[in-house]
Amino acid sequence: MSKKDPCQKQACEIQKCLQANNYLESKCETVLQEMRKCCARYSQGRSVCCSGFEREERERQKFKVTSEGIPPPPQ
């Protein structure tokens with residue numbers, strides 16, 4: 001028996017919000033931010049629901065480093 005995903009509730013809230021707002025992300029920024037907070041609380045890989053948010057954060061960090069003129073770390 002597997003454990004419940006710690007960020008599943010926030011993921012469901014995002015889906016409800018998007019459905020209620022014709023899939024306009026700008027209308028759901030509050031619930032998206034709550035999901036980001038939840039994903040930040042749990043180590044990488046602990047929440048399947050966070051996989052897209054973890055990828056988003058890696059891309060954000062890569063862009064930040066690149067825009068500051070510091071080369072990104074090798075992958």
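Colleague: Is Glu-34 buried, partly exposed or exposed?

Modeller: In this predicted model, Glu-34 is partly exposed, and its relative accessible area is 37%.

Colleague: Which residue does Glu-34 form a salt bridge with?

Modeller: The partner of Glu-34 is Lys-37, and the closest N and O atoms of this salt bridge are 3.5 Å apart. Lys-37 is also partly exposed, at 43% relative accessibility.

Colleague: Where do Lys-37 and Glu-34 lie in helix H2?

Modeller: They are three residues apart in helix H2, so about one helical turn separates them. Side chains of opposite charge can pair when their charged atoms come close.

Colleague: How many salt bridges are there by this rule?

Modeller: The count is three. One of them joins Glu-13 to Lys-16, with the closest N and O atoms 3.1 Å apart. Another joins Arg-36 to Glu-29, where the closest N and O atoms are 3.1 Å apart.

Colleague: How far apart in helix H1 are Glu-13 and Lys-16?

Modeller: Three residues, which means a separation of about one helical turn. Glu-13 is partly exposed, with a relative accessible area of 31%, and Lys-16 is partly exposed, with 49%.

Colleague: And is Arg-36 buried, partly exposed or exposed?

Modeller: Arg-36 is partly exposed, its relative accessible area being 21%.

Colleague: Let us turn to H1. Which residues of H1 are buried?

Modeller: The buried residues of H1 are Gln-10, Ala-11, Ile-14, Cys-17 and Leu-18. Viewed down the axis of H1, these buried residues fall within an arc of 125°, so they line one face of the helix.

Colleague: What is exposed on the other side of H1?

Modeller: Lys-9 and Ala-20 are exposed there.

Colleague: What span should the 13 residues of H1 have?

Modeller: At 1.5 Å a residue they should span 18 Å, and the end C-alpha atoms of H1 are 18 Å apart, which agrees.

Colleague: Which residue with a positive phi follows H1?

Modeller: That residue is Asn-22, and its phi is near 50°.

Technical notes: Residues numbered from 1 in each chain as written. Predicted model: local features only at pLDDT ≥ 70, side-chain atom pairs only at ≥ 80, totals over all residues. Heavy atoms only, no water. Salt bridge = Lys/Arg side-chain N within 4 Å of Asp/Glu carboxyl O. Helix = DSSP H or I, 4+ residues; strand = E, 2+ residues; numbered from the N terminus. Buried < 20%, exposed > 50% of the residue type's maximum accessible area, 1.4 Å probe, protein only. Expected span 1.5 Å × (residues − 1). Arc of directions from axis to C-beta.
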